[in-house]
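Please consult the sequence and the structure below while reading.

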Amino acid sequence: MQIIRFIADVNVERAIVDYLSENGYDVKWIPDYDCEILDEDLLNMANVEKRILLTNDKDFGELVFL
């Protein structure tokens, strides 16, 4: 069975990240790495690492379609 991998943006609450981690999901939380990462770079990181992006940032909708 393959583990679902997430990358959580800075605007995702720590409680959500903790919940996912405690339930066996692989979660990378951006505040642990780089709080000033650009949206484009974060989206690229998610693609390269094959992670599902979790965010509350509505600007990503435009980036995904471009």
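## Burial of F6 and the aromatic pair

With a relative accessibility of 10%, F6 counts as buried; buried means under 20% relative accessible area, exposed over 50% and partly exposed in between, with a 1.4 Å probe and protein chains only. The model is predicted: local features need pLDDT of at least 70 and side-chain atom pairs count only at pLDDT 80 or more, whereas totals for chains, interfaces and linings use all residues. Residues are numbered from 1 along each chain as its sequence is written, and side-chain values use heavy atoms, with hydrogens and water left out.

The structure holds 1 aromatic pair. The ring centres of F6 and Y25 are 5.7 Å apart and the ring planes stand at 65 degrees, so the pair is edge-to-face. For this assignment, rings of Phe, Tyr and Trp (its six-membered ring) pair if their centres lie within 6.5 Å; planes under 30 degrees apart count as stacked, over 60 as edge-to-face and the rest as tilted. F6 lies in strand 1 (residues 5–8) and Y25 in the loop between helix 1 (14–22) and strand 2 (26–29), so the pair ties together parts that are 19 residues apart in sequence. Helices (H or I, at least four residues) and strands (E, at least two) are DSSP runs, numbered from the N terminus.

## Y25 and the nonpolar patch

Y25 is partly exposed, at 33% relative accessibility. Together with I4 and I52, Y25 makes a nonpolar surface patch of about 250 Å². Patches are made of residues with over 30% relative accessible area and no salt bridge; like charges are joined within 9 Å, and nonpolar side chains (Val, Leu, Ile, Met, Phe, Trp, Tyr) within 5 Å. Accessible areas come from the Shrake-Rupley method with a 1.4 Å probe, and for residues only the protein chains shown count as cover.

## Salt bridges between the strands

A search of the whole structure finds 6 salt bridges, each being a side-chain nitrogen of Lys or Arg within 4 Å of a carboxyl oxygen of Asp or Glu. One of them joins D26 and R5, with an N to O distance of 3.3 Å. This pair links distant parts of the chain, as D26 belongs to strand 2 and R5 to strand 1, 21 residues apart. Both partners are partly exposed: D26 has a relative accessible area of 30%, and R5 has a relative accessibility of 29%.

## Salt bridges of R14

R14 meets D18 in a salt bridge of 2.8 Å, N to O. The two residues are 4 apart in helix 1 and are thus separated by about one helical turn. R14 is partly exposed at 38% relative accessibility, and D18 is partly exposed with a relative accessible area of 28%.

R14 also forms a salt bridge with D32, at 3.8 Å from N to O. Here too distant parts of the chain are linked: D32 is in the loop between strand 2 and helix 2 (39–48), R14 in helix 1, and the two are 18 residues apart. Elsewhere, salt bridges that share partners join R5, D26, K28, E49 and R51 into one network.

The C-alpha atoms of D18 and W29 are separated by 9.6 Å, the residues being 11 apart along the chain.
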